[in-house]
Amino acid sequence: MSTPSTRVPQQERSRATQARLLEATVDCLVRYGWSGTTTTVVAAHAGVSRGAQLHHYPTKAALVTAAVAHLAERRAEELRVEAEALPAGPQRLDRVVDLLGVAFTGPLFVAALELWVAARTDPELRDALVPLEARVGREMHRLTVALLDVDERRPGVREAVQATLDLLRGLGVANLLNDDSARRTALLRTWKHQLATLLPPGTAPDQPHDADPT
């Protein structure tokens, strides 16, 4: 019979194994794409036995969606930490858009895009991915509202926030095959000016609320 002292190390090892698998999955998606990211390749990349990989994630769909969820949560936490250093006043909006822009050009975005394309013709992956993407989208929207320090109960604010995220997503796709940084910088500069008129100072909420964008 196992004791509490033996169970804790086992749990820690299990969590460490899962973390290695999830990090390796995202890395493989970025390096090899969906077709090249097999569970065998991921296990080898993570330095984990095939049996351990199957124990934690019995299917490829379960593995890749868990990996994207894991990285999305980690990136959201990083954004919250980075937001603590954001300045107040007009400069805040510029910095927030720049921070969000990184989220749509990094490994998480590339890995997620691989899954979006594959899910179009893979019913099992689509069934696993649709609810995950809905949750990640809502959380990213809420995080953006918090970073911008605005109140989306005010007319037009929710739409301006979502338009910002949609624009950044589109620019991220355009940047995948070629260096699109010059056009991206020019477009974001213009959008920041527009956004400043849509989200004027004084739109921060007086108290927390539970708006749920869809």
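For this entry I took a cavity to be a set of points, on a 1 Å grid over the protein atoms alone, where a 1.4 Å probe fits but cannot get out, and its volume to be the space filled by probe spheres set on the points, which are joined across faces, edges and corners. The model is predicted, so that local features need pLDDT of at least 70 and side-chain atom pairs count only at pLDDT 80 or more, while totals for chains, interfaces and linings use all residues. Residues are numbered from 1 along each chain as its sequence is written, and side-chain values use heavy atoms, with hydrogens and water left out.

I found 1 cavity of 30 Å³ or more, and the largest cavity holds about 90 Å³ of space. I then listed its lining (residues with an atom within 4 Å of a point), which is made of Ala 72, Glu 73, Arg 75, Ala 76, Leu 79, Leu 108, Val 136, Glu 139, Met 140 and Leu 143. Helix α4 gives the largest share of this lining, 5 residues.

Next I turned to helices, which are DSSP runs of H or I with at least four residues, numbered from the N terminus. I noted that α6 (residues 107–119) and α8 (residues 157–174) pack at about 85 degrees with axes 11 Å apart, the axes being lines fitted to C-alpha atoms over the stretch in contact and the angles running from 0 to 180 degrees between N-to-C directions. The two helices α6 and α8 are therefore roughly perpendicular, a term for angles of 65 to 115 degrees. Their contact (heavy atoms within 4.5 Å) joins Phe 109, Leu 113 and Trp 116 of α6 to Arg 169, Gly 172 and Val 173 of α8.

Terms used: Angles under 35 degrees count as roughly parallel, over 145 as roughly antiparallel, 65 to 115 as roughly perpendicular and the rest as oblique. On a 1 Å grid over the protein atoms alone, a cavity is a set of points where a 1.4 Å probe fits but cannot get out, and a pocket is an open set with protein on both sides within 12 Å along at least five of seven lines; lining residues have an atom within 4 Å of a point.
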